[in-house]
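The following briefing concerns the structure shown below.

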Amino acid sequence: MAAKTLPKTPFQLHGGCFCTAIRYTISVPELSERKLLPKTPLTLERLLVPPNEVNERMPVISIDHCHACRRVPGAIMECWFICPPSWVQFTLQPRDSSHDSKANEEDLIKVESMAYLDEDKSLAGRTWVTHYKSSEHSNRTFCGRCGTHLTFFKTGLGGPMRQAMGLFFDIAAGTLDKESVEMEGFGPVMQAWKDDGIPWAVKLVSEGKKGLLDDTAEDLAKLKVEDEEKK
Ligand SMILES: [Zn+2]
């Protein structure tokens, strides 16, 4: 069965932090306007679904097993939605808005992604956006009120991927609204940094529940019996 893919026509995704102090909208353009990915990241070893005309272009939805991206959100693994900054707009509550009352529409601060991601023009004083440099050229953002980790951005010139793709940044897929993350065709295309990952988490992604079992055939047969008994 072929993997389902995201639409080829323009569509929008919405998300934000837990307390809604930080919200964003991603506007994905039609297929021909999405950049083709270089071949490098899409190696067979990393791919979870076969390449096709949609997933060989931005956005990249990728599970990330690296140590930093596991520890920072405190999750077993991270899943990123990777796209150009020009696709994303942020809407921020002013810092003086109270936790319980929703900020008035006219008080909301709308910013382009580069202003949001750029620590030099930090919105920290006026909004709940908080930056953290997790390595010399890595900038992450959080909500200073609820703690949600939202973005990862590689500052500086970046590697071959940046040279081929131009600017891009990562949005934690877990911050997307349910309707967005559950839309038809939304799902990880690849997993990165497998060697850094927790072995059982990598196996779970690669092999499904049989990756958790010692003696696959025997245990799977037992699980099947238990499943049937529950019916
Ligand atoms: Zn928040």
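**Overall fold**

Among contacts in the protein (heavy atoms within 4.5 Å) between residues at least 6 apart in sequence, 58% join residues at least 24 apart. The model is predicted: local features need pLDDT of at least 70, side-chain atom pairs count only at pLDDT 80 or more, and totals for chains, interfaces and linings use all residues. Residues are numbered from 1 along each chain as its sequence is written, and side-chain values use heavy atoms, with hydrogens and water left out.

- The protein has six helices and eleven strands, where helices (H or I, at least four residues) and strands (E, at least two) are DSSP runs numbered from the N terminus.
- A compact globule of 231 residues would have a radius of gyration near 17 Å, and the 19 Å of the protein agrees with this; the radius is taken over C-alpha atoms, and the globule rule is 2.2 Å times the number of residues to the power 0.38.
- Taken along the principal axes, the C-alpha atoms fill a box of roughly 60 × 40 × 35 Å.
- Buried residues make up 43% of the 231 residues; buried means under 20% relative accessible area, exposed over 50%, and partly exposed in between (1.4 Å probe, protein chains only).

**Zinc site**

- Cys17, Cys19, Cys143 and Cys146 coordinate the zinc ion through their SG atoms at 2.3 to 2.4 Å; donors are N, O and S atoms within 2.8 Å of the metal (3.2 Å for Na, K and Ca), and water is not among the atoms, so sites may look incomplete.
- The site is tetrahedral, with angles of 107 to 112° among its four donor atoms; four donors count as tetrahedral if all angles lie between 85 and 135 degrees.
- Along the chain, the donors of the zinc ion follow the spacing C-x1-C-x123-C-x2-C.
- Cysteine 17 lies in the loop between β1 (11-16) and β2 (22-28) and cysteine 146 in the loop between β8 (138-143) and β9 (149-154), so the pair ties together parts that are 129 residues apart in sequence.
- Cysteine 17 is buried at 4% relative accessibility, whereas cysteine 146 is partly exposed at 29%.

**Glutamine 93 and threonine 20**

- Glutamine 93 is placed in the loop between β5 (88-92) and β6 (109-112) and is buried, with a relative accessible area of 6%.
- A polar atom of the glutamine 93 side chain lies 3.2 Å from the backbone oxygen of threonine 20.
- Not counting residues up to four places away in sequence, glutamine 93 touches several residues, among them Cys19, Thr20, Trp128 and Arg145.
- Threonine 20, in the loop between β1 and β2, is partly exposed at 26% relative accessibility.

**Aromatic pairs**

- The structure holds four aromatic pairs; rings of Phe, Tyr and Trp (its six-membered ring) pair if their centres lie within 6.5 Å, and planes under 30 degrees apart count as stacked, over 60 as edge-to-face and the rest as tilted.
- The rings of phenylalanine 81 and phenylalanine 186 have centres 6.1 Å apart and planes at 10°, so the pair is stacked.
- Phenylalanine 81 is buried at 0%, and phenylalanine 186 is buried at 15% relative accessibility.
- Tyr24, Phe90 and Tyr116 form one aromatic cluster.

**Backbone geometry**

- Most residues other than glycine have a negative phi, and most peptide bonds are trans.
- Threonine 20, although not a glycine, has a positive phi of about 70°.
- Tryptophan 193, also not a glycine, has a positive phi of about 60° and is exposed at 52% relative accessibility.
- Methionine 58 and proline 59 are joined by a cis peptide bond, with omega about -5°.

Terms used: Four donors count as tetrahedral if all angles lie between 85 and 135 degrees; four count as square planar and six as octahedral if opposite donors are over 155 degrees apart and all others between 65 and 115; anything else is irregular. A polar contact is a pair of N or O atoms within 3.5 Å; within protein, one must be able to donate a hydrogen and the other to accept it, and residues adjacent in sequence count only if both atoms are side-chain atoms.
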